[in-house]
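Good morning, and thanks for coming. I will go through a few features of one structure.

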Amino acid sequence: MCGIVGYIGHREAYPVVVQGLERLEYRGYDSAGIALYDGTDVKFSKTKGKVADLRAKLEADITTTGGIGIGHTRWATHGVPNDVNSHPHFSNSGDLVIIHNGIIENYDPLRQELISRGYTFESDTDTEVLVNLIEDVKKNEGVKLGKAVQIALNQTIGAYAIAVFDKTKPDEIVVARLGSPLAIGVGEDEFFIASDATPFIEYTKKTIYLKDGEMAVIRNHKKLKVRKIKDDSLVDPYIEELQLNLEQIEKGGYDHFMLKEIYEQPQAIKDTFRGRMLVKEGIIKMAGIDDNIEKFKNARRIIIIACGTSWHAGLVAEYIFEEFARVPVEVEYASEFRYRNPVVFKDDVVIAISQSGETADTMAAIKLAKKQGAFVFGICNVVGSSISRITDAGAYTHAGPEIGVASTKAFTTQITILTLIALRLAQATGKMAESEFRSYLQELERIPGKVEKALKCNDQAELVAAQYKDAPNALYLGRGYNFPVALEGALKLKEISYIHAEGYPAAEMKHGPIALIDEMMPVFVIAMRKGHYEKVVSNIEEIKARSGKIIGIVTEGDTEVKRLADHIIEIPETLEPLTPILATIPLQLLSYHIALMLDKNVDQPRNLAKSVTVE
């Protein structure tokens with residue numbers, strides 16, 4: 001949510017900053033802006049709309065020279081999306097320039113205080129309040145920019161990642177973070193600033209991820225200094241070597257990142273269990289689990305906290321953990337968990353799931369659980385992310401960068417790693433026979449190949465999409481392990497096509513949603529031969545009796561549902577707990593093709609952000 005890019009060094013800043021903003025478009029935004037310093041003055045341009053609109057406006061309005069630059073993509077919080085509310089923002093004197101991700105919660109009293117001191121405001125943003133607060137501190141305290149930023153931030157409440165510079169001292173950029181990610185790329189006589197490492201991976205592999213409550217003063221030709229915002233103490237920053245490469249964040253011949261990421265799932269799943277699952281030896285090796293196995297074995301219950309697609313993966317895990325390890329599981333929306341005064345015991349294990357590792361609600365829920373004494377295990381995809389730092393232990397999914405806003409490979413790799421954990425726990429507690437344990441390892445090893453086979457339904461999914469692209473509503477039904485897949489399928493359709501869709505347990509259809517079914521209602525039914533097959537067939541009969549359009553996601557060779565459904569899409573057979581990984585593939589493809597046919601922005605759906613770093 002929002003994106004920051006900055007550069008200071010020997011290159012022209014503009015190409016670095018504008019390309020960086022394009023790399024961060026996946027985060028979701030509604031306006032963009034850039035400020036450049038050319039040694040004489042600050043030139044800037046900002047606009048509502050896309051980075052392409054900004055590029056055209058900027059290159060027409062100003063010269064693009066200068067060795068210092070900051071850029072921003074904004075997702076509106078305070079104030080509507082327009083040119084005035086876009087970043088960067090200037091202080092009243094025009095000397096200080098700032099870009100900011102996050103929310104300053106006490107901006108209104110700060111604004112009123114600054115107005116009483118003679119400050120004026122052009123925008124509706126909390127960011128303009130912050131830059132003027134910094135200027136006020138700098139002027140009245142007689143301090144340098146870095147110290148002024150520190151003092152000002154100690155007066156704020158909320159979350160932020162900021163980059164600010166002073167045109168009267170144009171050899172430094174001051175950055176800080178609290179609750180919103182910020183990475184610093186360290187090059188030869190140059191520094192890069194960004195919300196994540198993607199904007200600068202071709203320039204340097206050396207990266208510092210600022211921790212919460214840290215700030216840095218970045219100077220040309222000088223050593224980087226990192227300090228604690230609270231007490232000004234020096235921090236020895238850890239420089240990480242990036243494993244990311246340029247090919248991973250490009251489309252690689254696909255029309256959209258979403259489609260590329262759907263097709264990356266076989267490899268992503270394989271990468272997630274590689275080195276952790278030794279099939280011939282009958283072993284699962286996961287350091288985060290092995291080092292804390294007693295906490296898992298003695299857990300009173302497992303609480304899974306997550307948001308969105310990650311929450312759906314957690315729902316699948318609830319079925320898996322309870323069946324494999326016979327431990328009670330509760331799955332909570334992180335946003336609800338943090339506000340409802342939950343009962344958390346010291347012998348609970350909390351599993352927090354987040355693709356980005358920066359989800360604000362999930363981070364707040366983690367802090368609450370830790371405060372109440374629970375052991376917290378994190379699952380995320382982004383190395384060095386906040387959740388990977390604040391949890392007691394954890395595991396990465398190794399899905400590779402997910403650029404499309406609508407998560408696809410995150411879902412299947414999260415289910416993969418949660419399955420590994422459940423199997424390891426079942427083995428450790430003796431709740432699963434060794435022969436059954438080994439059969440699951442063998443089948444899990446076959447899953448990437450079966451996902452590849454499931455992806456061959458793409459043409460069939462496109463044909464079905466053409467039939468139902470104009471439907472105003474859609475219903476998704478599943479039972480048992482595949483009820484969460486129905487929720488995930490409906491979410492994907494909503495996210496990228498803007499068609500209203502709902503997911504339901506198939507048996508609940510009779511308790512309300514059946515009233516909606518008529519000849520205009522497509523109903524996507526996940527009907528695997530495993531599990532509750534006969535019950536799902538009965539539900540299909542009820543839909544057919546009311547003229548609903550039935551699209552069945554079925555096991556290869558199915559004849560019963562084929563007889564009843566208007567369309568079927570077949571996927572390979574597997575063990576029941578692993579069916580969600582395969583069943584979600586055609587639903588992802590259906591959503592993709594429907595959105596494409598409706599001329600929607602598949603990778604950047606309206607109003608959504610990839611990394612939700614504010615409430």
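I start at Y498, which sits just after helix 17 and takes a positive phi of about 65 degrees. Keep in mind that this is a predicted model.

Now to helix 17 itself, residues 483-497. From its first C-alpha to its last, helix 17 reaches 21 Å, close to the 21 Å expected for its 15 residues at 1.5 Å a residue. Is helix 17 mostly buried or exposed? Of its 15 residues, 14 are buried, so helix 17 is largely enclosed by the rest of the structure.

Next, a pair of helices. Helix 14 covers residues 409-429 and helix 20 covers residues 579-597. Their axes lie 9 Å apart, and the packing angle is about 175 degrees. Angles over 145 degrees count as roughly antiparallel, so that is how helix 14 runs relative to helix 20. Which residues meet there? On the helix 14 side they are F411, T412, I415 and T416, and on the helix 20 side P580, I581 and T584. Sorted by class, this contact has 4 nonpolar residues, 3 polar ones and no charged ones.

Last, the cores. The largest nonpolar core has 92 residues. Those with the most contacts inside it are F296, I302, F321, I351, F377, L418 and Y476. Take F321 as an example: neighbours within four places in sequence aside, F321 is in contact with I302, R326, V327, V329, I351, L418, I421, A422 and L425. There is also a second, separate core of 28 residues, with A13, A183, F192 and A194 among them.

Methods. Residues are numbered from 1 along each chain as its sequence is written. This is a predicted model: local features need pLDDT of at least 70, side-chain atom pairs count only at pLDDT 80 or more; totals for chains, interfaces and linings use all residues. Side-chain values use heavy atoms; hydrogens and water are left out. A nonpolar core is a set of buried Ala, Val, Leu, Ile, Met, Phe, Trp, Tyr and Cys residues joined through side-chain atoms within 4.5 Å. Buried means under 20% relative accessible area, exposed over 50%, partly exposed in between (1.4 Å probe, protein chains only). Contact means heavy atoms within 4.5 Å. Axes are lines fitted to C-alpha atoms, for helices over the stretch in contact, and angles run from 0 to 180 degrees between N-to-C directions. Helices (H or I, at least four residues) and strands (E, at least two) are DSSP runs, numbered from the N terminus. Angles under 35 degrees count as roughly parallel, over 145 as roughly antiparallel, 65 to 115 as roughly perpendicular and the rest as oblique. Ala, Val, Leu, Ile, Met, Phe, Trp, Tyr, Cys and Pro count as nonpolar, Asp, Glu, Lys and Arg as charged, and the others, Gly among them, as polar. The expected span of a helix is 1.5 Å times one less than its number of residues.
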